[in-house]
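Please keep the structure open while reading.

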Amino acid sequence: MPATRTTVASNCFFFVFFVFFFFAVPLRSSISPNFSSSDQSRPCFTAMDRNKDTESFKNGGKRSFFRAFDADFFSNTEMDEVLKGAEEFNLPVIRANRKLVASENGGLHNPSPLVFSSNWANERFLHKSRRFCYPPVSGVKRPKNEEDIAFMSVLELGELIKTKQITSQELVGIFLKRLKRYDYVLQAVVSFTEDLAYKQAKEADELFARGVYLGPLHGIPYGLKDIISVPGYKTTWGSKSFKEQVIDVEAWVYQQLKSAGAVLVAKLVTGSLAYDDIWFGGRTRNPWNIEEFTTGSSAGPAACISAGLVPFAIGSETAGSMTYPASRCGVTALRPTFGTVGRSGVMSISESLDKLGPFCRNAIDCAVILDVIRGKDPHDLSSVESFLDDPFSIDISKLTVGYLDDADMEVVRVLSSKGANMVPFNLTYSLDSVQGILNFTMDIDMLTHFDEWQRSGLDHEYEAQDQWPTELRRARLIPAVDYVQAQRARGKLIREVKESFNVDALIGNATDWERVCMGNLVGLPVMVVPTGFKIISNPPATGTTRRRTAITTGIYAPPHKDHIALALAMAYQSATDHHRARPPIDDLGPHDAIPEPPLVPIPPRLLHL
């Protein structure tokens, strides 16, 4: 729309000079003798420092400065005019805007009105989606040991509650014990929400005793990635800079789960500021091979599902943060279509890329969780009313499914045997800069949300200096005009993918980096499904080991066709049992024993379990 384009152009005009002038800070800091990377704030400069910088700038630095923006085509006179005009006209506006909206980190407030939509052009939805009709579960008996209970699905646990074979408070006790036992080695938990969990479980049990049943999540424990705010508990974003932070706001996704009767037992690890698996408390490990890390910032949700520490968990993805840890840890996960799940109360990297989704035991549970958390969040401008069909009613024999060169052929064979029309396929588009488009989009958006963090020098205490600190310093040099050009290129990518995507779904590698970048830029949903395990590449020299490397595949669908990906994943898992495999977290083999954690007193309410 013309109004939107005008707004973008106006913002670009100011932003290009914003990055021009704040590039001067690293220039000056590089010559300051008192500056070190361990400083807690940016250095102050004397008049003498500035005079020296000005003289150096006149003696050739000016053209190098403009070259960093690919803008050294200006004459010296024009460069002088640009800098003088920017200081006179743009800096006052830049500083006024920063004062208005950039004093708080995390992107929880003052969202941009420029909203990305994942709807493919001219697509119209004829109806509002109804809630899914879940498959009946009957004849479920309570297992004799707690580990078997821990690896039951959400619907199976719900049936135990409905048939009064177990209470929500008992489930909380079982999962808290497991979380505390295995967190010592996995480093997957930031905060135990024990008091809240028992309070919510008690309320769930009392409601059920009065004949009130809230649905399949009634009384079911779960975990949240620690970028999702819950009042009264720390929301650390995985970063030492924010490890004492409490945000007394209920994230929308937490509200939806609470309303459905689910019980929060833990805030789970996010990589620091949602980047990779390194956080202020360590680095999260893969339950299938504890010498290996999870990769991806939804590290805690993936590890905890894999090890049977919670029945389901909510993670997030901007660029691989769900697909990578789900694949590494061998669990089922759904990265939904962009906009399907509201994000208010959640730390933001990129308002046009961030997505929330479930990690679960199986695809059926993913459908159940998605059904609860989808819908329009009034405080998230990008969220939409959900128009999904019921995945439990999809007839896959009516689907044409393409399989890419790197598809797992077992998946192709199983789906073919179930009636799906499987065809070789190649998704084509002309762009060769997909990763560059994603980096420009993600890094500029992230810097917008953590401008104050960088300016105050908190990036110097970040857990991994080659990650966000390096990327966001470099992002200062991306001119606004080139950021917008990247968004235009993104639009071209979306149009070409839509034209090429002439099947109902695709099967292919879930962690191919080009595909991860493309899928997130376009807003495609993807199911990550475990399809097997193999012996690790470098097993211990002596004895045997039960450590394994998980094998997974991705099932991709067009935007707002998540139900198709879910239906195909459910069909595959109905004929296989890879998703039921349990990692050897207690018995890894000779010389692989998990060290016992330090003795901690067991709360009295757990002693009866």
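The text below takes these topics in turn.

This is a predicted model, in which local features need pLDDT of at least 70, side-chain atom pairs count only at pLDDT 80 or more, and totals for chains, interfaces and linings use all residues. Residues are numbered from 1 along each chain as its sequence is written, and side-chain values use heavy atoms, with hydrogens and water left out.

Begin with helix α13, residues 409-417, where Val 411, Val 412, Val 414 and Leu 415 are buried (under 20% relative accessible area; exposed is over 50%, partly exposed in between; 1.4 Å probe, protein chains only). Their cover includes strands β11 (400-403) and β12 (421-424) as well as helix α19 (562-574). At the start of α13, a side-chain oxygen of Asp 408 comes to within 2.9 Å of the backbone nitrogen of Glu 410. After the helix comes Gly 419, with a positive phi near 110°.

Next, the axes of α17 (residues 480-500) and α18 (residues 513-522) come within 9 Å and cross at roughly 95°. The two helices are therefore roughly perpendicular (65 to 115 degrees; under 35 is roughly parallel, over 145 roughly antiparallel, the rest oblique). From α17, Arg 490, Leu 493, Ile 494 and Val 497 make the contact (heavy atoms within 4.5 Å); α18 supplies Met 518, Asn 520, Leu 521 and Val 522.

Finally, there are 18 aromatic pairs (ring centres of Phe, Tyr and Trp, the latter by its six-membered ring, within 6.5 Å; planes under 30 degrees apart are stacked, over 60 edge-to-face, the rest tilted). Phe 73 and Phe 74 form a tilted pair, 4.5 Å centre to centre with 45° between the planes. Phe 73 is exposed at 63% relative accessible area.

Notes:
Axes fitted to C-alpha atoms, helices over the stretch in contact; angles between N-to-C directions. Helix = DSSP H or I, 4+ residues; strand = E, 2+ residues; numbered from the N terminus. Polar contact = N/O pair within 3.5 Å; in protein donor to acceptor, adjacent residues only side chain to side chain.
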